[in-house]
Amino acid sequence: TNVLVGEDTAAFRLWPATAEGDKTLSESEKIEALILSLRQLVGAKFIRNGQDHTLDEAITHMRQKWKWKKSEIRTAGDFIRIAGSKSSTSGKPYMIRLPDGTEMKTEEWFGEQLELMKNLPNLRMESDKQ
């Protein structure tokens with residue numbers, strides 16, 4: 001039972017469940033989870049070639065670029081390096097501007113998220129296994 005009292009908040013990280021349950025995520029599932037991790041950045045902007053974009057636009061762009069570069073991308077690390085870090089046109093790094101105005105490279109964000117995936121066990125609740 002959870003009870004919200006006053007200004008309590010919580011942050012959750014959700015990763016897709018695998019069909020096999022206890023097995024680790026496939027590289028494609030990891031890439032999709034990386035792309036969707038942008039949704040955690042509520043109020044942030046995605047900056048591509050000096051222009052601000054919404055997170056939904058960033059997600060769409062990342063999926064399109066993944067599809068376009070699919071022959072070069074075998075792993076989630078490849079995705080970050082090849083598609084998720086910089087513009088293929090200008091070579092400028094993709095940036096995320098957080099609501100407080102600080103900026104970070106998407107390469108850093110995706111790298112942190114990939115490390116979390118590697119370090120978090122793929123735990124499932126007993127009720128999910130039934």
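**Close-up views of a predicted model**

**View 1. Helix α4 over the sheet.** Helix α4 (residues 106-119) lies across β1, β3 and β4, and its direction makes an angle of about 70 degrees with β4. Lying across is judged from contacts, meaning heavy atoms within 4.5 Å. Axes here are lines fitted to C-alpha atoms, for helices over the stretch in contact, with angles from 0 to 180 degrees between N-to-C directions. This is a predicted model, in which local features need pLDDT of at least 70 and side-chain atom pairs pLDDT 80 or more, while totals for chains, interfaces and linings use all residues. Residues are numbered from 1 along each chain as its sequence is written, and side-chain values use heavy atoms, without hydrogens and water.

**View 2. The open sheet.** Here four strands line up in the order β2-β1-β3-β4 with antiparallel pairing. At the edges sit β2 (51-53) and β4 (103-105), each pairing on one side only. From one strand to the next, the twist averages 30 degrees. Two strands pair if DSSP finds at least two bridges between them.

View 3. R97 stands opposite E103 of β4.

**View 4. Helix α2.** Helix α2 (residues 55-68) lies across β1 (45-48) and β2, at about 50 degrees to β1.

**View 5. The whole chain, for orientation.** Five helices and four strands make up the elements of the protein, running α-β-β-α-α-β-β-α-α from the N terminus. Helices (H or I, at least four residues) and strands (E, at least two) are DSSP runs, numbered from the N terminus.
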